[in-house]
Amino acid sequence: MIYVGSWIRCLREINDRMIECKSARQIERMREAGKIVAGALLLAKKLAKIGVTTEFLDGELDKYVRQHNGRAIFKGYMGYPKSICTSINEEVVHGIPGPRRLNEGDILSIDVGVEYKRYVADAAVTIPIARISPEAERILTVCEEALNRVIRNIRSGTKLSEVAGWIQQYVESNGYSVIRDYTGHGIGRDMHEDPQVPNYVSESLLARDVTLLAGTTLAIEPMICEGSADTEVLDNKWTVVTKDRKLSAHFEHTIVITDEGCEVLTRE
Ligand code: MF3
Ligand code: CO
């Protein structure tokens with residue numbers, strides 16, 4: 001499916017698909033959506049304490065988003081039942097909020113997507129619950145730094161494969177593996193637009209490689225593991241876990257590429 005919006009300044013072809021460069025007006029809406037996402041994640045950090053259930057967090061964040069005139073877009077997306085994703089420890093992404101209570105030492109990934117005036121922003125953080133082990137601390141630090149390295153280095157002219165390579169190289173040199181079954185993505189009017197943004201370099205990525213230009217909006221989301229990167233989906237059809245049940249971490253920001261670098265749209 002190719003979406004071609006009305007405010008397109010430039011298009012870049014990859015195979016039969018397009019990357020849309022957003023207009024200032026589109027970016028402003030995504031910035032507003034991004035502020036709501038950032039506020040919701042800040043609230044999550046305040047509320048995520050020992051004994052709290054993930055469905056409580058879901059309710060509170062959904063309320064926050066609605067109070068700010070946004071809509072939590074995960075709800076109903078391909079039948080997803082809740083407003084946010086809460087993925088604990090060996091859960092990689094798409095954990096469904098429920099009656100489970102947070103324990104000391106857990107690491108909790110919270111993923112929030114918000115639509116505001118028909119534009120979308122998406123971000124995630126992995127939150128330590130009370131005191132966590134040094135091993136858990138380290139995987140969070142490496143995952144967040146992998147994302148920050150992209151934010152510091154990306155600019156108009158960067159290739160998609162360079163982004164993938166920066167993440168992979170940094171994560172693997174720190175002894176972790178990179179999830180291959182799920183990727184980051186373009187974002188805008190839809191939560192998932194072209195291009196896919198893998199966190200590793202492959203032949204297929206090099207074959208469809210593309211130069212990223214100013215105005216391109218991406219959700220960059222390293223998902224990394226302590227052990228093997230192999231994943232499986234639980235019987236609830238959503239929750240992605242590591243096959244070896246070792247820890248996984250996930251950080252995500254929505255960014256817009258500029259001539260000088262990038263602007264993070266999901267920061268307060
Ligand atoms: N940040 C995730 C993504 O980019 C969240 C999707 S959860 C879903 O795909 F429920 F909406 F699928
Ligand atoms: Co995303």
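Analyst: What follows begins with the annotated positions and then turns to some contacts elsewhere in the chain.

This is a predicted model, in which local features need pLDDT of at least 70 and side-chain atom pairs count only at pLDDT 80 or more, while totals for chains, interfaces and linings use all residues. Residues are numbered from 1 along each chain as its sequence is written, chains are lettered from A and ligands numbered from 1 in the order in which they are written, and side-chain values use heavy atoms, with hydrogens and water left out.

An unreviewed UniProt entry lists D122, H185, E221 and E252 under "binding site"; UniProt positions are given in the numbering used here, feature names are shortened, and annotations may be inferred rather than shown by experiment. These residues span 131 residues in sequence, yet no two of their C-alpha atoms are more than 10.6 Å apart, so they gather at one spot. From this set, E252 belongs to the lining of the second largest pocket. A pocket here is found on a 1 Å grid over the protein atoms alone, as an open set of points with protein on both sides within 12 Å along at least five of seven lines, and its lining residues have an atom within 4 Å of a point.

D122 is part of strand β7, residues 119-128, where strands (E, at least two residues) and helices (H or I, at least four) are DSSP runs numbered from the N terminus. With a relative accessible area of 3%, D122 is buried; buried means under 20%, exposed over 50%, and partly exposed in between, using a 1.4 Å probe and protein chains only. The side chain of D122 is joined to that of H185 by a polar contact of 3.1 Å. Such a contact is a pair of N or O atoms within 3.5 Å; within protein, one must be able to donate a hydrogen and the other to accept it, and residues adjacent in sequence count only if both atoms are side-chain atoms.

E221 sits in the loop between β11 (217-220) and β12 (223-225), and its relative accessibility of 7% makes E221 buried as well. Taking contact to mean heavy atoms within 4.5 Å, and not counting residues up to four places away in sequence, E221 touches D111, D122, T183, G184, H185, N199, H250, F251 and E252.

H94 lies in the loop between β5 (91-93) and β6 (107-116) and is partly exposed at 26% relative accessibility. Apart from residues up to four places away in sequence, H94 touches Y80, C85, S87, Y182, W238, T239 and V240. H192, in the loop between β9 (184-186) and β10 (193-197), is partly exposed at 42% relative accessibility. Leaving aside neighbours within four places in sequence, H192 is in contact with Y77, H185 and G186, and a polar contact of 2.8 Å links the side chains of H192 and Y77.

Y80 and W238, both touched by H94, also form an aromatic pair, and the structure holds 1 such pair. Their ring centres are 4.9 Å apart and their planes stand at 85 degrees, so the pair is edge-to-face. Rings of Phe, Tyr and Trp (its six-membered ring) pair if their centres lie within 6.5 Å, and planes under 30 degrees apart count as stacked, over 60 as edge-to-face and the rest as tilted. Because Y80 lies in the loop between β3 (71-72) and β4 (85-88) and W238 in the loop between β13 (231-233) and β14 (240-242), the pair ties together parts that are 158 residues apart in sequence. Y80 and W238 are both buried.

Elsewhere, K22 lies in the loop between β2 (17-20) and α1 (24-47) and is buried at 2% relative accessibility. The side chain of K22 makes polar contacts with the side chains of E193, at 2.7 Å, and T217, at 3.4 Å. In helix α1 itself, A38 is buried at 7% relative accessibility, and the C-alpha atoms of A38 and L265, 227 residues apart along the chain, are separated by 8.6 Å.

Definitions and conventions: On a 1 Å grid over the protein atoms alone, a cavity is a set of points where a 1.4 Å probe fits but cannot get out, and a pocket is an open set with protein on both sides within 12 Å along at least five of seven lines; lining residues have an atom within 4 Å of a point.
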